[in-house]
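Subject: Handing over a model, with notes

Hello,

The sequence and structure are below.

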Amino acid sequence: MAILILGLVLFLGVHSIRIVADGWRTATIGRIGELPWKAVYALLSIVGFVLIVWGFGLARQQPVQLWLPPRGMRHLASLLTLIAFILLAAAYVPRNAIKARLHHPMVLGVKVWALAHLLANGNVAHVVLFGAFLVWAVLSFRAARARDRAAHTVYPAGTPAGTAITVVVGAAAWAVFAFWAHGLLIGIRPVG
């Protein structure tokens, strides 16, 4: 569990700099340059991610069950992860109504993804992993919305085509992950 927690502290810590120290971040980028900042950020993120994967794998070998979720929660989790994948796609597909309306769909996707996994899993490793991501996503979304208000950010309006592409790309990515990649990469087949 210690490796998982270390990975979460490192990964989410790096991703929390804009939440807790946006001014320091801006000053540091101004001092050292954008490329060195991105290199250090990426390196720390990768190390944190590797520790999360390794630590979660180790923690799953000795599960401590806190509760046993009802069977229906797996179905709800599948629906919620479909929504999370569509939100993730909305962060990248240009001119979609989802991003125009929600402004930060990737962070909302992380929120929905984490909540889905918390609903469907009741052991300590899952609660630590997905609970940490859920708390981070809530704080990150709040900070991003505050930055938008302060900067008077205006998001471009979405188009029906952009929105349709977003939904199709998100749903297709979800299907690939739910039916194949999750089992291959995580060792758990959520669907099928």
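**Helix packing**

α4 and α8 are roughly antiparallel to each other. That term covers angles over 145 degrees; under 35 counts as roughly parallel, 65 to 115 as roughly perpendicular and the rest as oblique. This is a predicted model, in which local features need pLDDT of at least 70 and side-chain atom pairs count only at pLDDT 80 or more, while totals for chains, interfaces and linings use all residues. Residues are numbered from 1 along each chain as its sequence is written, and side-chain values use heavy atoms, with hydrogens and water left out.

Back to α4 and α8. Their axes cross at roughly 150° and come within 9 Å. Axes here are lines fitted to C-alpha atoms, for helices over the stretch in contact, and angles run from 0 to 180 degrees between N-to-C directions. Helices are DSSP runs (H or I, at least four residues), and strands are too (E, at least two), numbered from the N terminus.

Which residues of α4 and α8 meet? From α4 come Ile52, Phe56, Ala59 and Arg60. From α8 come Ala125, His126, Leu129 and Phe133. Contact means heavy atoms within 4.5 Å. By class, this contact has six nonpolar, one polar and one charged residues. Nonpolar covers Ala, Val, Leu, Ile, Met, Phe, Trp, Tyr, Cys and Pro; charged covers Asp, Glu, Lys and Arg; the others, Gly among them, are polar.

Next, α3 with α4. Helix α3 (residues 22-32) packs on α4 at an angle of about 120°, with the axes 6 Å apart. The two are therefore oblique to each other. Trp24, Arg25, Thr28, Ile29 and Ile32 in α3 meet Glu34, Pro36 and Trp37 in α4. The residues of that contact divide into five nonpolar, one polar and two charged.

Then α5 with α9. Helix α9 (residues 160-186) packs with α5 at an angle of about 130°, and the axes are 8 Å apart. That makes α5 oblique to α9. The crossing is right-handed. On the α5 side, the contact has Ser78, Thr81, Leu82, Phe85, Ile86, Ala89 and Ala90. On the α9 side, among them, are Thr166, Val167, Trp174 and Phe177. This contact has eleven nonpolar, four polar and no charged residues.

Phe85 lies in α5. Leaving aside neighbours within four places in sequence, Phe85 is in contact with Gly170, Ala173, Trp174 and Phe177. Phe85 and Ala125 are 40 residues apart in sequence and 23 Å apart in space, C-alpha to C-alpha.

**The core**

The largest nonpolar core has 29 residues. A nonpolar core is a set of buried Ala, Val, Leu, Ile, Met, Phe, Trp, Tyr and Cys residues joined through side-chain atoms within 4.5 Å. Leu4, Leu8, Leu12, Ile52, Leu129 and Phe133 touch the most other members. Two or more residues each come from α1 (2-14), α4 (34-61), α5 (72-90), α7 (105-120) and α8 (124-151). Which element gives the most to this core? It is α7, with eight residues.

Not counting residues up to four places away in sequence, Leu12 touches Gly7, Ala132, Phe133 and Trp136.

**Single residues**

Ala84 sits in α5. Is Ala84 buried or exposed? Ala84 counts as buried, at 7% relative accessibility. Buried means under 20% relative accessible area, exposed over 50%, partly exposed in between (1.4 Å probe, protein chains only). Beyond four places in sequence, Ala84 touches Gly109, Val112 and Trp113.

Arg18 is in helix α2 (residues 17-20). Arg18 counts as partly exposed, at 37% relative accessibility. Not counting residues up to four places away in sequence, Arg18 touches Arg25 and Arg147.

Two backbone angles to check. Arg95 has a phi near 55°, a positive value in a residue other than glycine. Arg95 is in the loop between α5 and α6 (97-102) and is partly exposed, with a relative accessible area of 45%. His103 is not a glycine either, and its phi is about 70° and positive. His103 is in the loop between α6 and α7 and is buried, with a relative accessible area of 19%.

Best wishes

Key
Left-handed = near helix turned anticlockwise from the far one by under 90°.
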